[in-house]
Amino acid sequence: MDLSLPVIHIQSIYPQMILVLFAIIVVILPLFVHNLKRELLALISVVGLVLAYFSLINLWGQNLTGFNGMIVGDNFSIAFSIIFLVGAFLAVLLSLNTVENEYLNYSDFYSMLLFALVGLLMMVSSTNLLVIFIGLEILSISLYVLAGIRKMRVDSIEASLKYFLLGAFATGFLLYGIALLYGASGSIDLVEIGKYIQANGFSGTFILAGAAMLLIGLSFKAAFVPFHMWTPDVYQGAPTPVTAFMSAGVKGAALAVLLRFVWTIAPLSKADWTIAIWIIAFLTMTVGNVVAIAQSNVKRMLAYSSIAHAGYLLVGVLAGSQLGQASIMYYLLVYTMMNLGAFGVISYLGNSNKQENLNLRDYRGLGFKHPFAGLAMAIFMFSLAGVPPTGGFVGKFYLFNSAIQAGYLWLVIFGVMNSVISAYYYLRVVVNLYMHEPEKEVAVPKASLGLSFALLIAMVAVLQMGIMSSSYFEFFRQAVIAMP
Amino acid sequence: MLDYVWLVPLFPLLGVIFNTIFGWKLKEKVVGIIGSTTIGLSLLVSILLLLDLLKLPEHHKIFELTLFKWIAAGSFAAEIGFQIDPLSVIMMLVVTGVSFVIHIYSIGYMHGDRGFNRFFIFMNLFVFAMLLLVMANNFLLMFVGWEGVGLCSYLLIGFWYEDNNNADAGKKAFIVNRIGDFGFLLGIFLIFTTFGTIDFTDVFHKAAVNFHVGDGTMVAIALLLFIGAVGKSAQLPLYVWLPDAMAGPTPVSALIHAATMVTAGVYMIARTNVIYTLAPAALMVVAIVGALTAIYAATIGITQFDIKKVLAYSTISQIGYMILACGVGAYSAGIFHLMTHAFFKACLFLGAGSVMHAMSNNTDIRIMGGLRKYMPATFWTFLLATLAISGIPGFSGFFSKDEILWQSFSSSYGNFWLWILGAVAAGITAFYMFRLVFVTFYGKLRADEEIARHVHESPKTMTVSLWILAGLSVIGGFIGIPAIFGGGNRFEHFLEPVFEKSAAIRESAMAVHGYAVEQGHSLEWTLMGIVFAIVLLGIGLAYLMYIKKTDLPGLVSRRIKPVYQLVFNKYYVDEIYNALVVQPIKNVSDYLLWKFVDVKLIDGTVNGTGYLVRFAGRSLRTIQTGFVQNYALVFILGVVLLLLYVVFI
């Protein structure tokens with residue numbers, strides 16, 4: 001009998017290990033040192049993020065496989081992981097603001113954030129469905145906690161509970177899908193399942209139903225319509241930095257898994273699958289944008305906007321090309337920057353628990369009273385709307401370009417029409433910032449250094465990606481998965 | 001130093017950013033100093049660049065630096081990159097040098113203006129855009145700068161926008177320039193489709209290798225680009241915006257509408273010289289337009305009473321000379337005149353600003369007079385610049401203008417008629433400039449008590465700038481003394497690498513046609529003498545009419561009333577354009593496009609869609625009840641539909 005020892009390659013999970021270590025440090029340290037300032041905890045978390053970043057960069061190009069194929073350290077996973085790290089970094093900086101001083105326990109917050117990040121990294125760095133599932137659960141449970149971390153607030157608890165209930169519901173489908181795929185093909189690895197399907201065709205009730213349920217589970221996480229109903233309530237109730245992190249990170253991980261899934265199992269070769277995804281993308285864009293118009297709460301408006309953006313990203317999945325993959329990564333990075341930036345401004349303008357200044361009317365005239373925050377918000381809104389010379393424009397251009405090359409002209413036409421609709425509610429914020437007299441005196445606290453820094457980074461990045469897009473895009477082109 | 005060229009446009013941009021963010025709260029002085037210092041630093045770097053470039057061996061004076069890839073879409077690629085060669089360095093020096101002086105002047109001139117900070121932001125932005133224009137290594141980036149300076153020009157012409165006339169003048173400049181820019185853009189498109197690239201080096205190399213002299217495509221490209229130059233450099237027939245542009249603050253007129261932006265067309269032709277040399281037919285058009293503009297605008301200059309308007313027409317006329325120089329293939333002579341003109345015309349405009357400062361912002365020379373006594377510094381600098389523009393031997397304008405006139409006669413593209421137009425225009429120039437000097441600074445002050453009481457010399461920041469520019473107007477020509485005076489024409493020699501492809505093309509073309517190149521020095525002396533005599537005649541006439549027999553001008557204008565009226569009213573060109581172009585377009589847009597297409601068709605559709613979307617939004621919103629059960633229901637609905645569709649159908 002031939003016994004082969006499993007290949008471990010422990011360095012392939014160094015980033016995850018570093019993050020877990022720091023998550024534990026952050027949660028244990030306050031037990032020994034009393035009266036720790038949150039700034040210090042944030043700093044420790046940032047150190048963890050930076051170390052994880054370098055260990056990721058170290059893996060770049062090595063294409064390591066660890067734990068006997070359970071962990072895949074390809075460029076694809078590293079690129080996504082870096083985007084998540086950037087998102088977590090900005091979220092940590094956002095948490096330093098005045099309005100966020102009402103969490104009961106900061107060490108919990110930072111540790112959960114790091115654990116959520118570990119979940120994200122696990123999800124993107126495996127083709128094994130069980131590992132992906134474990135990553136998803138690490139992520140989800142951390143997020144349930146994070147959403148409800150403002151324990152004295154009803155809406156925060158409500159957000160946490162709703163997210164948990166519906167999340168559990170969706171996870172059931174995901175797990176059921178995995179089970180069905182395993183039952184049909186005899187494997188829980190996407191690559192192996194892909195081989196089975198190549199041999200036997202993408203057909204059979206088990207395979208089809210399993211794939212559909214996997215899609216449903218991921219759709220829930222990415223907030224695709226009609227699995228999006230939780231999004232506005234949860235996004236509104238969760239603390240702003242958490243919302244910001246969720247909107248970019250979770251969406252990204254779900255899309256990364258979806259990309260691996262459609263690439264290895266290749267359902268895009270089957271017409272009714274593409275039509276199904278086409279419809280979901282169309283609905284997601286349209287419902288997100290149309291309902292966003294009717295919102296007067298800025299945070300809720302951005303929640304719907306994030307649904308719409310999930311739709312744009314799905315267009316890139318449908319393109320089914322390497323161009324589409326790179327476009328998704330590019331857009332995800334821009335989206336991380338501009339969306340976290342926008343949420344950062346929201347957090348900046350919030351005063352306290354009682355007075356968060358979330359209504360659109362509170363933004364009137366703020367552009368002149370707070371020029372920096374006003375300018376930042378304007379730039380993020382223009383970028384979200386996809387106006388040049390911001391990164392949002394270039395990102396949309398790449399996404400739609402990849403879809404056109406794949407022949408989805410009509411979907412792109414609808415996408416562009418959706419952009420027009422979205423311009424209405426994004427620019428309404430800018431109009432309120434600069435073209436209306438303030439109705440009442442809105443008290444805004446002094447911005448923390450961390451938040452200002454985060455806004456500055458996001459602003460510069462959004463503009464830089466709009467003007468010097470090529471170098472970023474070239475980077476992401478090296479990160480696509482090869483043709484199966 | 002060459003690796004740091006990006007510093008040159010960076011400094012003004014930093015000035016823009018800094019003053020935009022902090023300038024509103026800072027003192028005038030700080031804003032002014034920051035605005036000027038950033039330009040000063042750019043000037044410093046430019047000078048170091050020049051020194052570096054001079055050290056390089058003869059034929060390696062072209063240096064390219066790519067900062068990053070800007071756009072890559074299919075086969076189309078554009079870089080943010082700079083090309084540093086003798087031509088661009090000279091332009092950078094002219095732009096940063098003159099702007100530096102004018103910025104310092106503006107600190108005094110704009111003192112107390114409500115828009116002081118806004119003024120410096122726009123001026124710095126202008127310098128940034130202008131530097132992009134002259135430093136770009138491809139057509140697209142050049143176009144960005146080209147549009148950027150246009151934008152700043154618009155913003156600064158309408159700087160005092162509370163007065164509707166100023167805002168209208170800004171719009172006029174913008175719209176007329178659009179016609180030119182349209183041609184320029186089409187030219188760039190044609191370049192891309194012809195060569196498959198928009199990079200200067202590649203385009204000119206491919207043009208020189210793959211196309212022969214007289215090729216139709218080259219003529220088309222050259223003419224399209226020339227439309228852009230005509231608009232930007234205010235040549236016939238698109239010059240109408242420049243006189244109106246005098247509505248802006250005087251430093252703006254000096255910097256943008258005399259020294260730098262309006263000469264961008266000349267720079268562009270010189271930059272694309274290879275294409276023009278390949279298209280002799282286009283060159284002929286260029287030369288004729290330049291010569292006609294030179295004499296046409298000069299005649300209008302005789303009759304104007306607004307000190308800035310006279311200088312504006314003078315600018316149009318002088319750029320005519322530069323365009324003429326390009327048209328006869330004497331690109332370096334055109335650039336030489338561009339440089340000297342920048343010195344003396346900026347000096348004249350700043351002098352005019354100084355005069356306006358003293359005259360409570362009046363610009364009518366009829367109420368001036370005798371200002372020599374009150375403001376000696378302004379007078380002397382103005383006089384020196386006038387001597388330069390009139391082409392008195394020894395002053396900078398003489399060398400550059402003489403070079404152009406000689407080339408327009410002797411070059412293989414030149415002929416007697418171009419020369420005579422230029423020579424007569426030189427005489428007229430001398431006449432109207434000395435008329436301006438005599439009426440403004442000599443005789444007795446004709447202003448009323450109120451204004452007369454306030455007449456005073458301008459503050460130091462302004463007079464210092466005047467002296468610097470006057471000094472340059474005097475000595476600026478010495479770097480290009482032609483061979484005939486025993487000079488080596490170092491200026492032309494320095495520029496040679498830029499034009500060497502053109503020179504090669506010309507030589508081979510001439511070899512085919514067997515054209516005799518050599519013209520004797522005696523002929524050059526003769527022509528120079530004739531031109532000088534004409535100039536002296538113009539000055540003498542001005543002296544006679546405005547110093548000796550001051551009733552003569554009235555008499556003459558009455559005697560030839562119809563002609564005088566025609567010229568005084570600027571040949572009624574504005575009225576003709578208004579009747580033939582503006583009104584018809586207005587009518588079409590008013591009745592057809594606005595009241596029908598826009599209001600009924602487009603607004604109707606847009607508003608209808610808007611209502612529909614908002615209605616849909618409100619209805620969909622009601623589904624969001626807040627109950628988890630409902631959410632789960634929608635979820636399940638989605639699951640059922642998907643499974644049904646994917647698995648069972």
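# Exercises on a predicted two-chain model

Chain B carries 41 positive and 37 negative side chains, and the centres of the two sets lie 9 Å apart; Lys and Arg count as positive and Asp and Glu as negative, with His and the chain ends not counted, and each charge is placed at NZ of Lys, CZ of Arg, CG of Asp or CD of Glu. This is a predicted model, in which local features need pLDDT of at least 70 and side-chain atom pairs count only at pLDDT 80 or more, while totals for chains, interfaces and linings use all residues. Residues are numbered from 1 along each chain as its sequence is written, chains are lettered from A and ligands numbered from 1 in the order in which they are written, and side-chain values use heavy atoms, with hydrogens and water left out.

**Exercise 1.** Describe the fold content and overall dimensions of chain B.

*Solution.* Begin with the secondary structure: chain B has 27 helices and two strands, where helices (H or I, at least four residues) and strands (E, at least two) are DSSP runs numbered from the N terminus. Next, take the radius of gyration, which is 28 Å and close to the 26 Å that the globule rule gives for 649 residues, so chain B is as compact as a globular protein of that length; the radius is taken over C-alpha atoms, and the rule is 2.2 Å times the number of residues to the power 0.38. Along the principal axes, the C-alpha atoms of chain B fill a box of roughly 105 × 70 × 50 Å. Finally, turn to the domains, whose bounds come from an automatic or database domain assignment: domain 1 covers 279–564 and domain 2 covers 572–648, and their centres, taken over C-alpha atoms, are separated by 57 Å.

**Exercise 2.** Determine whether Phe491(B) is buried or exposed, and list its contacts.

*Solution.* First locate Phe491(B), which belongs to helix H22 (residues 490–513) of chain B. With a relative accessible area of 5%, Phe491(B) is buried, given that buried means under 20%, exposed over 50% and partly exposed in between (1.4 Å probe, protein chains only). Then leave out residues up to four places away in sequence: Phe491(B) touches Ile90(B), Ser332(B), Ile335(B), Phe336(B), Met339(B), Ile479(B) and Gly480(B), a contact being heavy atoms within 4.5 Å. Ser332(B) is 159 residues away along the chain, yet its C-alpha atom is separated from that of Phe491(B) by 7.8 Å.

**Exercise 3.** Characterise the positive phi of His9(A) and of Ser360(B).

*Solution.* His9(A), although not a glycine, has a positive phi of about 50°; this residue is in the segment before helix H1 (14–32) of chain A and is partly exposed, at 31% relative accessible area. Ser360(B), also not a glycine, has a positive phi of about 55°; its place is the loop between helix H15 (331–358) and helix H16 (371–374) of chain B, and at 39% relative accessibility Ser360(B) counts as partly exposed.
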